[in-house]
Structure formats: structure tokens, C-alpha cells
Amino acid sequence: MTKNKSPVVKKGFLHSKKWESYKLFLYIVPCLVFIFVFHYLPLWGWAYAFFQYKPGLSLFDCEFVGLRNFSALFGNAVMRQNLFRVLRNTFGIQLLNYVLMPVPMLFAIFLSEVASTKFQKVVQTLTTLPHFISWVIMFSLASSLFGANGIVNAALNEAGLASINILTTDDHVWIIQALLGLWKSMGWSAIIYFAAIAGLDQEVYEAAMVDGASRWQKIRYITVPLLIPTFFVLLIMGIGNFLNSGIDQFLTFGNAMNKEYIEVLDLYVYNLGIGSGQISFSVAVGVMKSLVALVLFAGANFASKKIRGTSVF
């Protein structure tokens, strides 16, 4: 009797285990659908780069121009000059963003050293909140603080000092925008470091304490080295988005004074397509940007894998 039931029990166990694995996969199906709809289906829009599209007409009723829009990127002197200008702005601001990338990690390390849990939660909440605020509201906050009639300038005038103007000037535009981006994203970017710190082996810290290590020595020789792999994974993923600087921040903070230095590649594509009506040419610029970003991501991943043994795939 036992021998006859054993295969049935085993088969039922395998079937149950297989179903459990499918259930786990079903949890990510909504995410896969979201990615397919909003990241892969829009690739059909790349076809507009090969036509001279005119709004109101079907794509296939428009003139097929092949690679003409791509050749115009470098063949036309004015287009080439504008492209190099926006690339200079994009590279300048993004490089400053990468210089500031360790700041969220250091912020997470130092805040985790604070003994008061209540203080940690308050600071985390206040620094994470700007991530959920639109750039329009961030512009209002920045204007209230640093505008011509803002709090900072009012205090300087009361003290008899010269006022500063950081929002409507062409001086240090890249640094100002990088710092504003850090203000908005620091708390959110630090979350992953808080999680990594919480998962560190506490026995290592206890052993270091027994050996007489100070708090600064534990941070320098234990916490920072253990967080470096996480930092490099985020850096590699960030390099893949090197040219994806977005338009919200720069469209909001842009004005006649700083337009030449604040117009990044994404904003340039937006201005071409929506502002000037050159939809096909703007799509061609976007296609080239995506291909360059793919090459940068693959190159950074390969270099990190060879040098440090850390990579995304």
C-alpha cells in the first residue's frame, strides 16, 4: 500500500512546488506589462526619424527621407553648433552630478551613526520629501529662498551686504543646477544605502570594537569599503542614463539669462519637436541619444566587471 501511494504523493509535491514558483513569477507580471507598454511600445516612434513627418498626416503618407535627418545632425553647421552646445551643457551638468554621487552615501553613513532613532526618522522624512515634489514647486521654494526678494537676500540686505542672484544669472549655472538636483534627490538616493547599512554584519563591528577601533575608524575601514560595491552598481546604472538628464528641472529654471547654458539634450529635443515643430529631426536626435547611452552603459559595465569584478549583468 505504501509503495503505491508514494509516487502519487511525490507527484503532488512536485506539482505544488512548481505552482508556487509560477505564483512568484506572477507577482512581477504587472511590472513587465508596465515596462513593455511604456518602454518598448514607444520604440515604434523611432520610425518618425526616417520620414519627413507633418502633423495631421499618417506616417506613411509622409515623405520617406531615410537617413537625411541623421546626416543633418552633423552636416548642417547651425545644427552641429547647437548640438555641440547642448552636449557641452549635458556633459557638464551630468559630470557634476557624478561628482556629487557619494554625498547620499556619506549622508546615510553619518545619519546612521546618530543614536536617536526619532531624529533619524525626522531627518530622513525631511530629506526624502523633495523627491515627491514637482520641479515647479521646487522652483517656488528656491525662489522664496534665493530669489531677488527671497529670504536669503532679505537677510543680506538687512545686514548691509550685497544681494546674490543665483536663479537669473548665467554664472555657475551648471553647479547651481547640480546642487538643486542633489537637494531634491539626496534623501531618496540614500534609502538604498540605509538598507545596505542595516544588512551589514554586526559581528565585524563588534570585533573592531574589541580591537579598540574608534567610530571614525569603523566608518573608514568597515562601513565605507562594504558600501563601495553598492555605490559602483548605482554608478554603472547612472552612466547608462548619462544623457537622460530630463527636461522638468531645466525647463522650469530656464530663463533668458541662462538659456545658453541650461539647455541640455532632452530639453533641446523637446524644443525642437514641440517648440519648433521639427518632429522628425528631434526623433533622430533622441534615437542617437539612446544608442550612445546603450554604448556607455555596456562599456561601464564591462570596465567595472574587469577592474572590480562588480557589474549589473
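Reply: Helices here are DSSP runs of H or I with at least four residues, numbered from the N terminus. The model is a predicted one.

Me: Which helix gives the largest share of the lining of the largest cavity?
Reply: The lining consists of I166, L167, T169, V173, I176, Q177, F253 and N258. Helix α9 spans residues 173–198 and supplies three residues, the largest share. The helix asked for is α9.

Me: How many cavities of 30 Å³ or more are there, and how much space lies in the largest cavity?
Reply: The count at that cut-off comes to one cavity. Its lining divides into five nonpolar, three polar and no charged residues. The space in the largest cavity is about 40 Å³.

Me: What is the volume of the largest pocket, and which residues are the closest to its centre?
Reply: The largest pocket has a volume of about 1,900 Å³. It is lined by 45 residues, and the closest to its centre are Q94, M237, G238, N241 and N244.

Me: Which helix supplies the largest share of the lining of the largest pocket?
Reply: At least two lining residues come from each of α2 (29–40), α4 (77–99), α9, α11 (215–240), α12 (248–253) and α15 (279–307). By class, the lining has 25 nonpolar, 16 polar and four charged residues. The largest share is eleven residues, and the helix that supplies it is α9.

Me: Which element gives the most to the lining of the second largest pocket?
Reply: About 300 Å³ of space lies in the second largest pocket. Two or more lining residues come from α10 (202–210) and from α11. With four residues, the element that gives the most is α11.

Me: How many charged residues are in the lining of the second largest pocket?
Reply: Asp, Glu, Lys and Arg count as charged. The lining includes E113, R215 and K218, along with residues such as S112, V114 and Y205. By class it has six nonpolar and three polar residues, and the number of charged residues is three.

Methods
Residues numbered from 1 in each chain as written. Predicted model: local features only at pLDDT ≥ 70, side-chain atom pairs only at ≥ 80, totals over all residues. Heavy atoms only, no water. 1 Å grid on protein atoms, 1.4 Å probe; cavity = no way out; pocket = protein on both sides within 12 Å on 5 of 7 lines; lining within 4 Å. Points joined across faces, edges and corners; volume = space filled by probe spheres on them.
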